[in-house]
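Subject: Structure for you to look over

Dear colleague,

Please find the structure we spoke about placed just below, together with its sequence.

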Amino acid sequence: MSDQNFKGPVRAATGIEGLDYILGGGFPINRMYLLEGDPGAGKTTMALQFLLEGARRGEPGVYATLSETEEELRDVAASHGWSLDGVTICELQTAEESLKADSQYTLFHPSEVELSETTRAVLDTVERVKPLRVVFDSLSEMRLLARDSLRYRRQILALKHYFTGQNCTVLLLDYTGATTGDFQLQSLTHGVIAFEQIAPGYGGQRRRVRVQKVRGVAFRDGYHDYRINTGGLEVYPRLVAVERPSLQADGSAPGKFSSDLPELDAMMGGGGIEPGTSLMLLGPSGVGKSTLTAQYVAAAANRGEHSTIYTFDESVDTWVSRAERLGLHLRDHIESGRITIRRVDPAELSPGELAHHIRLSVEAGTRIVVIDSLNGYQHAMPEEHFLVLHLHELLSYLGQQGVLTFLIMAQAGLLGESLESPVNLSYLADTVILLRYFEAFGEVRKAISLVKRRTGPHESTVRELRISENGPQVGRELREFHGVLTGRLEYTGEAEPLIEYEIEDREAGNA
């Protein structure tokens, strides 16, 4: 869905960039909207941001509160570093007389409908302040005052007509499921925004927002993750690749990514890996997946290109220290900003927030994105099916931006045929490198093979991979062995030539 579909009525910006993007610029003005959600979902915080954005634009605002005191509201604002000096607070909680049976209903002449004294107090404030933005928090008290659904519906309908005549954009706050079965508010309001919070079995709460309806305009539907930070709500719109224009606007074709290892580049068909593709490294723990990735990242940094690494399983210091011990000097590139490493806690970071950060890094100039590993990425998903959808959309976006993506997948087991992946995602990747341990002549060795490459020809051989203080090295083809990748190893050559080959390599390394 392109931004051209969002032309239309004048919008009232919410003050939340991600939510404005979802709504196509904000709420259409002079309409009434329902914000519903569980306690703690962030409705009050969002409403305050809406009024403060109006105050910043010179639009008067009124916050009519039936459930919280003015002092409580100002405390909430202070916790975010806000001042409510530009917002008029209409506190109705202490109006005890409005709760008495003989004074609940009174005639309000302009609308010719019955309104409670509490509702009339709000309208008096509106007449005095002449606001363009109004928040009504919350409707549960009004529902109690109305006593029955018919009077409650008539009051809401009267409010709707009154505020429309006053050129006000109104937000009604209510609890999820608080309405009766006839969905009174949903049918009367111009739009409905639902805020949800989910408590997983482990980790912090996950929050998501969904626009259920906004009449007459297009919006980005579906669930979008958000977080309540100091400073207000931060909404992370669901990543849709077709909605994000390519950053390669000049039509330039960036060159291939070389590993600076001639043997590895030769396995790729020569010249390196094409931009805009994805490369998956499969293998057991410790076989060299992250090390090979670090080799590509270091080579790119030496050419002045930017990379961002998201590590789920290791700390940043561990990731960098291992690369340093292998002769891949990353610290200088990290200090210069050519390499960024971010530790991701899957128990705290939602998939939508992660995709948001990846998008920002790409827009800032990142050419290589590393996800280490997909096992940790999977743990951030509620179930496997969503992992495939998230990853498919993410790879589509990165592909059209010309970004090379490294996906690391650890397989269970070490040797033999028992190696298994927690979920099969190899079909999503353009290139798949398979790494294996094998035992030969009393040593545990490593093998590397390129088993899939969509973008061109490649070697189909199995080579030896060596990792030392000089970094990763790709050796000769293992033609004397059969069954290296399956675990059913059979040696058909002679030991002596292989031993001489080893001695020559060590002497060359010492030199």
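A residue is called buried when its relative accessible area is under 20%, exposed when that area is over 50%, and partly exposed in between, with a 1.4 Å probe and protein chains only. By that scale F441 is partly exposed, at a relative accessible area of 39%.

Before going further, please keep in mind that this is a predicted model, in which local features need pLDDT of at least 70 and side-chain atom pairs count only at pLDDT 80 or more, while totals for chains, interfaces and linings use all residues. Residues are numbered from 1 along each chain as its sequence is written, and side-chain values use heavy atoms, with hydrogens and water left out.

Overall picture

The protein has 15 helices and 24 strands, where helices (H or I, at least four residues) and strands (E, at least two) are DSSP runs numbered from the N terminus. Of its 511 residues, 51% count as buried. If a contact is taken as heavy atoms within 4.5 Å, then among contacts between residues at least 6 apart in sequence, 68% join residues at least 24 apart.

Helix α6 has 17 residues and reaches 24 Å from its first C-alpha to its last, close to the 24 Å expected at 1.5 Å a residue, the expected span being 1.5 Å times one less than the number of residues. Its buried residues are Y152, Q155, I156, A158, L159, Y162 and F163. Seen down the axis of α6, these fall within an arc of 160°, so they line one face of the helix; the arc is that of the directions from the helix axis to the C-beta atoms. The face turned away from this buried side carries the exposed residues L150, H161 and G165.

Helix α4 (residues 117-129) packs with α6 (residues 149-165) at an angle of about 5°, with the axes 12 Å apart. Axes here are lines fitted to C-alpha atoms, for helices over the stretch in contact, and angles run from 0 to 180 degrees between N-to-C directions. That makes α4 roughly parallel to α6, since angles under 35 degrees count as roughly parallel, over 145 as roughly antiparallel, 65 to 115 as roughly perpendicular and the rest as oblique. The contact is made by T119, V122, L123, V126 and E127 of α4 together with Q155, L159, Y162 and F163 of α6.

Backbone points to check

Most residues other than glycine have a negative phi, and most peptide bonds are trans. N167, in the loop between α6 and β9 (169-174), has a positive phi of about 60° although it is not a glycine, and at 43% relative accessibility N167 counts as partly exposed. F441, found in the loop between β19 (431-440) and β20 (443-453), likewise has a positive phi, of about 55°, and is not a glycine.

A cis peptide bond joins D137 and S138, with omega about -10°, and S138 lies in the loop between β8 (133-137) and α5 (139-146). Another cis peptide bond joins D372 and S373, with omega about 10°; S373 is in the loop between β17 (366-372) and α13 (374-379).
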